[in-house]
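Thanks for making the time this morning.

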Protein chains: 2
Amino acid sequence: MRYLHHFWLCPFSRKIRVILGEKKLDFELVFEKFWERREGFLKLNPAGQVPVLIEEKNLTLSDSNSIAEYLDEAYPDPKLIGSEANYKAEARRLVAWFDNKFYDEVTFPILEEKVFKRFMSMGQPQTEVIRAAKKNINYHLEYISWLIDRRNWLVGDEFSFADIAAASHISCLDYLGDIPWNDYDTAKTWYVRVKSRPSFRSLLNDRILGLNAPSHYANLDF
Amino acid sequence: MRYLHHFWLCPFSRKIRVILGEKKLDFELVFEKFWERREGFLKLNPAGQVPVLIEEKNLTLSDSNSIAEYLDEAYPDPKLIGSEANYKAEARRLVAWFDNKFYDEVTFPILEEKVFKRFMSMGQPQTEVIRAAKKNINYHLEYISWLIDRRNWLVGDEFSFADIAAASHISCLDYLGDIPWNDYDTAKTWYVRVKSRPSFRSLLNDRILGLNAPSHYANLDF
């Protein structure tokens, strides 16, 4: 059996869950309190971060980009990075946009203040940090809208790693009720299409103890 | 002609310079004060970051990982990501280690305090931030030593993207005199081998106005 060490609201873990779902690969989730830096977990990934995929007995993979590329090569049906060089470059550029820029400007500050501080008993959330990060969301939703006005999915005709990365980050924030959907119809339409995919279903069923999602979180027609 | 928009002490720009050098591809450097967010540059890369590679008239690439993967596929001689799936996964894991973890813990805080604040007139460097980042270097030099005790290069037998990523970050810090080489013989031996490659030569010839490198910076036998 394949095991994925993950944390519920980690966007990088969510990416791998969706990719495994798209490729119809069975796996079991292992909940990892990565901040406790458990010795057995550090042996799997010395960086101490989720996700970690135990693909088989002697093959442990870490870093979501490395895992994603591995899975796309080992299980190419469906191919999620594309097949043509320029398309792949655009997919990887957009994955980096969400995994680096969006994460630094939006996902990380909001998760740290609202979620990690609670789990790690690090004190009260700083409201000014949350406010600044929520302001940053607008620019990114505008960028998604701009792309979707021109393309079927974020990169082009096909659903790709870029859609999965973007939706994974957004789903974490949506769980916390932090996406201003009413102002972004085009981005919302795109997200409804992502949410409707069977690979996304398990994310929408996540319920985190002590953190309730808003009622629209799992609703496909919100 | 191929153009690379870069900043001298940007480790991600340095990665692409070395990759182009390894593949013996001609290019011209365009110095980009990315923090000024020049309109023409934002049209090339809306993320506003270097490096940006203008590969040909209608093909502009950004994000160092996307550029690196593109170049390795388009110009596979020599292949720098490897060819076997597990090897590639390890190469990508280590690239992420240096481009994310090392960058967050070491490169970024030191560059921000010592270099960006000066260029952007953002006030005095905070010595406690520099001190904490310099302390973090040790753990990473130990990890490089641990790997090099077991492998010829960081991933395995071949020189790869992982060596290029690691050495690009380290070369920026070495320019600032911040690597405690005397305590890390094994890591130093590895870095001397990287420095000796012709692809690395142009980085060692960099001289940044108002910032002098220590005498050992360009010395191959330091």
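How many residue pairs are in polar contact between domain 1 of chain A and domain 2 of chain A? The count is 7 residue pairs, both members of each being at pLDDT 80 or more, and I mention that threshold because what we are looking at is a predicted model.

Let me stay with that interface inside chain A for a while. The domain assignment places domain 1 at residues 3–74 of chain A and domain 2 at residues 85–204 of chain A, and 18 residues from domain 1 meet 25 residues from domain 2 in the contact.

Turning to charges, the rule finds 3 salt bridges across the interface of domain 1 of chain A and domain 2 of chain A. There is also a salt bridge between A:Lys15 and A:Asp99, where the closest N and O atoms are 2.5 Å apart. As for secondary structure, the elements that give two or more residues to the side of domain 1 of chain A that touches domain 2 are α1 (11–22) and α3 (64–74) of chain A, and the largest share of that side, 9 residues, comes from α1(A).

Now to the two chains together. How is chain B laid on chain A? A turn of 180 degrees with a shift of 0.0 Å along the axis does it, giving an RMSD of 0.0 Å, and the two copies are thus related as by a two-fold rotation axis. If you want a landmark for that axis in chain B, the C-alpha nearest to it is that of B:Asn100, at 4.4 Å.

The contact between the copies takes 23 residues of chain B and 23 residues of chain A. Of the interface residues of chain B, 100% are also interface residues in chain A, so the copies meet through the same surface. The area buried between chain B and chain A is about 2000 Å², with carbon and sulfur atoms giving 51% of it.

For the charged pairs here, the count between chain B and chain A is 4 salt bridges, and I would point you to A:Arg92 and B:Glu69, which form a salt bridge whose closest N and O atoms are 3.9 Å apart. The rule also finds 4 residue pairs in polar contact across the interface of chain B and chain A, both residues of each pair being at pLDDT 80 or more. On the side of chain B that touches chain A, two or more residues come from each of β4 (59–62), α3 (64–74), α4 (85–119) and α5 (127–148) of chain B, and α4(B) gives the most, with 10 residues. That side of chain B divides into 11 nonpolar, 5 polar and 7 charged residues.

A cis peptide bond, with omega about 0 degrees, joins A:Val50 and A:Pro51, and A:Pro51 is found in the loop between α2 (39–44) and β3 (52–56) of chain A. In chain B, a cis peptide bond likewise joins B:Val50 and B:Pro51, with omega about 0 degrees. A:Lys24 is not a glycine, yet it has a positive phi of about 55 degrees, and its place is in the loop between α1 and β2 (28–31) of chain A.

Lastly, a search of the whole structure finds 34 salt bridges over all chains. In one of the pairs in chain A, the side chains of A:Asp72 and A:Lys23 meet in a salt bridge at 2.7 Å, N to O. Because A:Asp72 lies in helix α3 of chain A and A:Lys23 in the loop between α1 and β2 of chain A, this pair ties together parts that are 49 residues apart in sequence.

Terms used:
Residues are numbered from 1 along each chain as its sequence is written. Chains are lettered from A and ligands numbered from 1 in the order in which they are written. This is a predicted model: local features need pLDDT of at least 70, side-chain atom pairs count only at pLDDT 80 or more; totals for chains, interfaces and linings use all residues. Side-chain values use heavy atoms; hydrogens and water are left out. Domain bounds come from an automatic or database domain assignment. Contact means heavy atoms within 4.5 Å. A polar contact is a pair of N or O atoms within 3.5 Å; within protein, one must be able to donate a hydrogen and the other to accept it, and residues adjacent in sequence count only if both atoms are side-chain atoms. Helices (H or I, at least four residues) and strands (E, at least two) are DSSP runs, numbered from the N terminus. Copies are superposed by least squares on the C-alpha atoms of residues with pLDDT of at least 70 in both. Buried area is the accessible area (1.4 Å probe) that two parts lose on being put together, summed over both. Ala, Val, Leu, Ile, Met, Phe, Trp, Tyr, Cys and Pro count as nonpolar, Asp, Glu, Lys and Arg as charged, and the others, Gly among them, as polar.
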